[in-house]
Amino acid sequence: MANIKLSAEKLDELKAICKSFKNDKGELINVLHKAQGLFGYLPAEVQEVIAKELSVSVAHVYGVVSFYSFFTMLPKGEYPVSICLGTACYVRGAEKVIDEFKRILNINVGETSPDGKFSLACLRCVGACGLAPVVLVGEKVYGRVAPDGVKDIVAEYTK
Amino acid sequence: MLFISNNTGAKMETVKITIDNKVIEVAKGTTILKAAKEAGIHIPTLCYLHLHDLNIENKPAGCRICVVEVEGRRNLAPACVTECLDGMVINTHNIRVLNSRKTVLELILSDHPTDCLICAKNGDCELQTMAQEFGVRKIHYEGEQSTYREDTSPAIIRDVDKCIMCRRCEMMCNEVQTVGVLSAVNRGFMSVVAPAFEMNLDHSECTYCGQCVAVCPTGALTEVDHTNQVIRALADPTKTVVVQTAPAVRAALGEEFGMEPGTLVTGKLAAALRRLGFNYVFDTDFAADLTIMEEGTELLDRLTRHLNGDKDVPLPILTSCCPGWVNFFEHQFPDMRDIPSTARSPQQMFGAIAKTYFAEKIGVKRDDMVVVSIMPCLAKKYECQREEFATDGNPDVDFSISTRELAHLIKQSNINFNDLEDEDFDNPLGESTGAAVIFGTTGGVIEAAVRTAYEVHTGKKLEKVDFEELRGMDFIREATIDFNGLPIRIGIAHGLGNARKLLQDIKDGKSSFHAIEIMACPGGCIGGGGQPLHHGDSSILKARQKAIYREDAGKTIRKSHENPYIIQLYEEFLGKPMSEKSHHLLHTHYFDKSKEIKVVE
Ligand code: SF4
Ligand code: SF4
Ligand code: SF4
Ligand code: FES
Ligand code: FES
């Protein structure tokens, strides 16, 4: 028998989320959204519970999770790095900044470093176009980031 | 308003359309595809699938191969989902349509491997046939090809690179079988049909019913091929190779050799197996008779105890001869696993008897005997690998090959199947009754059980062995059979979604049946995942079903308990049904394979 591991408290909260949507399978996306808010990501266990509560197949739940890039099955790092890919940031070289983060952290966008410290994500315009290209680490905003500034940002959190 | 009357005599609203210059009238709501068919016009389809007699339809409108021109509309319309409107003028084969279809096909082919020559579906693939019919000689689109790992389970291979995202398999697994293993996942170029978390099939709740394989138009889903192991065993002089062949095989194998669906090839089948070099050509039907002895006795035993007031005895009793169904309830209803009969499937009963009783009789050591089964079924490949069906690591059934694999084997061996003279099966494990043959179709197992249980219970001879009320293709059927004053309520379901309904009723305490027959595949084994492909023509299943009943009607003995070799087997070896020896060799137990949500700290 395969077991699914979740703490009692989290399991109850998750079930409550499903219930708040009347366990309606039509609300799957909203349930997943809330669940990701609760856990920070959507591990297999969480998807199994949701499938059971909403009476849909796990394959279907996973189908939805894997379709939308907003959903992630990987936990965010302690310091989640988000890089704006809006037009202004893109034009001013955000892509090179991403490449540099990928190189230094040795992870891809959507991944978390093995030590759990950093994760990498892309965002749409965050409304700070004047500061383009923009990088966020957690809540902290870094403006006019150039590729050679990336190592300094990373260093701030690896001290 | 126009009206035409349907077969019930009721009037229905119609519309008038012009299709390829023909004016026809069709019922309102008819799709262009169906209207064209009525007018004798063939429109090619790829994702669309309609198993008419089973009421199964897949129309995701994804592939766009079926487009037609509707005059006055700017875009071409997919015929499989577009409804006919009054006054529509439709062109199904003009140059614009043909060009568009060819473009669509070339685009599909541009992301498809071109290794047809070594593909398991070579010669039987809908995509290949279409490329041939469309006269594609060059693919004008070049692009990256998506690649995905191959997934091999005990019964089924997924080679997703060959997937064209028609999603027929998904529909079968989710809607018909309600197993829900397969779903489209990921997005765009990366999208594939896969189990949850893209795990392999053998980690999922797959029942190996093979219904996804039965409808896949390409080589993306195929059975694990065991023919080479069989060839090797046949070539090994130290091995005594024994073959058994399931009831549904004889009603379908002929199709692989160009015969009309519904042609019975029992005699040719026995002859071909002998030509292939099997030392003993036996029949799973023998074991089906044996199943009836065990399962029928168990039914009567449970019934009597229940009627005598022993409420610990659960009713209804459910049949257990379908391994796809066994996998289903082990995963989905494990708390109800004491309800199905403990009788093993005929395949496994045969193996157990062949490697004990028969091996002793001919003085061959267990290890020197190889038992091969020819099955309409892919779940049997998994079943024969289950640990509980082996002694010291030696399986009761060594290899299970499908009807399709047998056809390949016959063709490879240069046997002219169509010209073979009929031959008989060998004895003792080749003799069977009409009751055993009907195991191959939905309703057959329970009819066979009734024939025996009635006579054993009442001590009277049945005047008529045909129970028409148990036959047919309806997904859920019920009938009450009078056991000399005792009304026995019988339920039948085929297709796992329908089985689920009956199970849920039992769980909710709403079931009043005494016995229920369940077959995983729509139609029963005649529609099994290992049968010749029907390519969407469900009339083939009906023809096979008719053939099965024809074979039954033609048998001299039609009740399992009258099979002389079964009687002999009990006298010489087993004692009586449900004896200790029978329990050991012919019965089994089930496992809880469900996932449970366990709370940890
Ligand atoms: S074999 Fe049956 S259960 Fe398994 S994936 Fe195919 S349709 Fe679903
Ligand atoms: S695996 Fe086969 S049936 Fe399923 S979507 Fe792909 S091509 Fe269609
Ligand atoms: S119905 Fe027959 S072919 Fe289908 S899974 Fe069951 S035993 Fe196999
Ligand atoms: S485009 Fe990056 S902040 Fe607007
Ligand atoms: S057959 Fe109509 S869209 Fe595929």
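Student: Which cavity does the space taken by ligand 2 correspond to?

Tutor: The space taken by ligand 2 is the second largest cavity. A cavity, on a 1 Å grid over the protein atoms alone, is a set of points where a 1.4 Å probe fits but cannot get out. A molecule sits in a cavity if more than half of its atoms lie within 2 Å of the cavity's grid points.

Student: Before we go on, what kind of model is this, and which pLDDT limits apply?

Tutor: This is a predicted model, in which local features need pLDDT of at least 70 and side-chain atom pairs count only at pLDDT 80 or more, while totals for chains, interfaces and linings use all residues. Residues are numbered from 1 along each chain as its sequence is written, chains are lettered from A and ligands numbered from 1 in the order in which they are written, and side-chain values use heavy atoms, without hydrogens or water.

Student: What about ligand 1: how does its shell divide by class?

Tutor: Around ligand 1 there are eight nonpolar residues, two polar and no charged. Among the surrounding residues are B:C173, B:C206, B:C209 and B:C212, together with B:T207 and B:G210.

Student: Now the sheet in chain B. What is its strand order?

Tutor: It is an open sheet of four strands, ordered β16-β23-β22-β21 in chain B, with mixed pairing. Helices (H or I, at least four residues) and strands (E, at least two) are DSSP runs, numbered from the N terminus, and two strands pair if DSSP finds at least two bridges between them. The edge strands, each pairing on one side only, are β16 (317-318) and β21 (476-483) of chain B.

Student: What packs on that sheet?

Tutor: Helix α15 (residues 496-507) of chain B does, touching β16, β21, β22 and β23 (515-519) of chain B. Contact means heavy atoms within 4.5 Å. The direction of α15 makes about 140° with that of β22(B). Axes are lines fitted to C-alpha atoms, for helices over the stretch in contact, and angles run from 0 to 180 degrees between N-to-C directions.

Student: How does β22(B) pair with its neighbours, parallel or antiparallel?

Tutor: With β21(B) the sense is antiparallel, over eight bridges, and B:I481 has B:I488 as its bridge partner. These two strands form a hairpin with two residues between them, and B:N484 in the turn has a positive phi of about 55°. With β23(B) the sense is parallel, over five bridges; there B:H494 is partnered by B:M519.

Student: Changing topic: how many helices and strands are in chain A?

Tutor: Chain A has seven helices and five strands. An open sheet in chain A has four strands in the order β3-β2-β4-β5, with mixed pairing.

Student: Why is one side of β3 and of β5 left without a neighbour in that sheet?

Tutor: β3 (118-123) and β5 (140-142) of chain A stand at the edges, each with a single partner strand, so one side of each has no neighbour in the sheet. The twist averages 20° from one strand to the next. Strand β2 (residues 79-84) of chain A runs parallel to β3(A), joined by six bridges. Helix α7 (residues 150-158) of chain A lies across β2, β3, β4 (135-137) and β5, at about 155° to β5(A).

Key
On a 1 Å grid over the protein atoms alone, a cavity is a set of points where a 1.4 Å probe fits but cannot get out, and a pocket is an open set with protein on both sides within 12 Å along at least five of seven lines; lining residues have an atom within 4 Å of a point. A residue is near a molecule or strand if one of its heavy atoms lies within 4 Å of it. Ala, Val, Leu, Ile, Met, Phe, Trp, Tyr, Cys and Pro count as nonpolar, Asp, Glu, Lys and Arg as charged, and the others, Gly among them, as polar.
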